[in-house]
Amino acid sequence: VAEAQVELARLSLASGDANAAVRRAQEAKQTDPANLAARVTLVRSLLARGDLAQADAEIATLAASAPGSAAVAALNGSVMARRGNAAGARTLFERARQLSPDLVDAVAGLVLLDLEARQPVAALARVDAALAQRPDSPELLALAAHVHLAMDHPELAEQALRHAVASDPWFFTGYELLARLYLRQQRLHEA
C-alpha cells in the first residue's frame, strides 16, 4: 500500500500539485514509517511546496536514520541549497556522488550550483562526464539541455532533448522542455 501511495505522490509532484504530493507522501509515511522512498518523496514534495522548515525537520530525521544513503545526502544538499548554503550543499552533493556515482540528483545539484556560481563551463563539463557514462539517460540529457540554454546554445539544447525523448519515449519532461524551447523561439508549429 505504501508503495502505491508513494507513486501517487510522485505523480502529483510531477503534475505540479505539491500539496497533493505532500498529503500522499505523508499517508505513505504513516502507512510505513520505515519506508525510505515515502520519506524522500515527502521531503521533495515539501521542497516543491516551499515548506523549508518542515523539509529541514524531515531531512534531519532521514539523515540520522539513513546516514549512508546517497539519495538522502543529495536531498539534504537540495535543502541546504534552498537555504542559500552553497558550500554545505556542494559538500553533500559530492558525498552523494561518492556513495552512488550514477545518482542524477547529485549531478543535477552540483550542476545547478555551478550555474548559480556563473560557471557554465564547469557545469557543462560535469554533465558531459556523467553523459560519457550514461549517454542515453533522459534525465542527464535534460540537464545538459538546461546547461546549453544557460550558455545560450538553444540548438544544442534541442539536440539533447530530442535525444532524451528518442531514448525514452515516456520521458514526458523532455517533451515539455522541447515545447517550452519552441515557444521561446516562436516555433509554435513545432510546439
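Predicted model: local features only at pLDDT ≥ 70, side-chain atom pairs only at ≥ 80, totals over all residues.
At 74% relative accessibility, R118 counts as exposed, because the cut-off for exposed is over 50%. R118 sits in the loop between α7 (104-116) and α8 (120-133). Its backbone deserves a look. Most residues other than glycine have a negative phi. R118 has a phi near 60°, a positive value in a residue other than glycine.

Now move along the chain to Q186. Q186 also has a phi near 60°, a positive value, and Q186 is not a glycine. Find Q186 in the segment after α11. Is Q186 buried or exposed? Q186 counts as exposed, with a relative accessibility of 70%.

Go back to helix α7, which holds G109. G109 is buried, because its relative accessible area is 8% and buried means under 20%. Look for A81 next. A81 and G109 are 28 residues apart along the chain.

Turn to helix α3, where S45 is found. How buried is S45? The relative accessible area of S45 is 0%, so S45 counts as buried. Which residues does S45 touch, leaving aside those up to four places away in sequence? S45 touches L13, A18, A21 and V22.

Stay with α3 and bring in its partner, α4. Two packed helices are described by the angle between their axes and the distance between the axes. Helix α3 covers residues 36-49, and helix α4 covers residues 52-65. Their axes lie 8 Å apart, and the helices pack at an angle of about 155°. That makes α3 roughly antiparallel to α4, because angles over 145 degrees count as roughly antiparallel. The crossing of α3 and α4 is left-handed.

Which residues make this contact? On the α3 side they are L36, R39, V40, L42, V43, L46, L47 and R49. On the α4 side they are L52, Q54, A55, E58, I59, T61, L62 and S65. Sort the residues of the contact by type. Ten are nonpolar, three are polar and three are charged.

The last stop is a group of aromatic rings. W170, F172 and Y175 form one aromatic cluster. How many aromatic pairs are there? There are two aromatic pairs, counting rings whose centres lie within 6.5 Å. Take W170 and F172 to begin with. Their ring centres are 5.9 Å apart. Their planes meet at 85°, so the pair is edge-to-face. The cut-off for edge-to-face is over 60 degrees. W170 is exposed, and F172 is exposed too.

Now take F172 with Y175. These two rings form a tilted pair, 6.5 Å centre to centre. The angle between their planes is 40°. Where do F172 and Y175 lie? Both lie in helix α11, residues 172-184.

F172 has a relative accessibility of 54%, so F172 counts as exposed. Y175 has a relative accessible area of 37%, so Y175 is partly exposed. F172 thus takes part in both an edge-to-face pair with W170 and a tilted pair with Y175.

Definitions and conventions. Residues numbered from 1 in each chain as written. Heavy atoms only, no water. Phe/Tyr/Trp six-rings, centres within 6.5 Å; stacked < 30°, edge-to-face > 60°. Buried < 20%, exposed > 50% of the residue type's maximum accessible area, 1.4 Å probe, protein only. Helix = DSSP H or I, 4+ residues; strand = E, 2+ residues; numbered from the N terminus. Axes fitted to C-alpha atoms, helices over the stretch in contact; angles between N-to-C directions. Parallel < 35°, antiparallel > 145°, perpendicular 65-115°, else oblique. Left-handed = near helix turned anticlockwise from the far one by under 90°. Contact = heavy atoms within 4.5 Å. Nonpolar A, V, L, I, M, F, W, Y, C, P; charged D, E, K, R; others polar.
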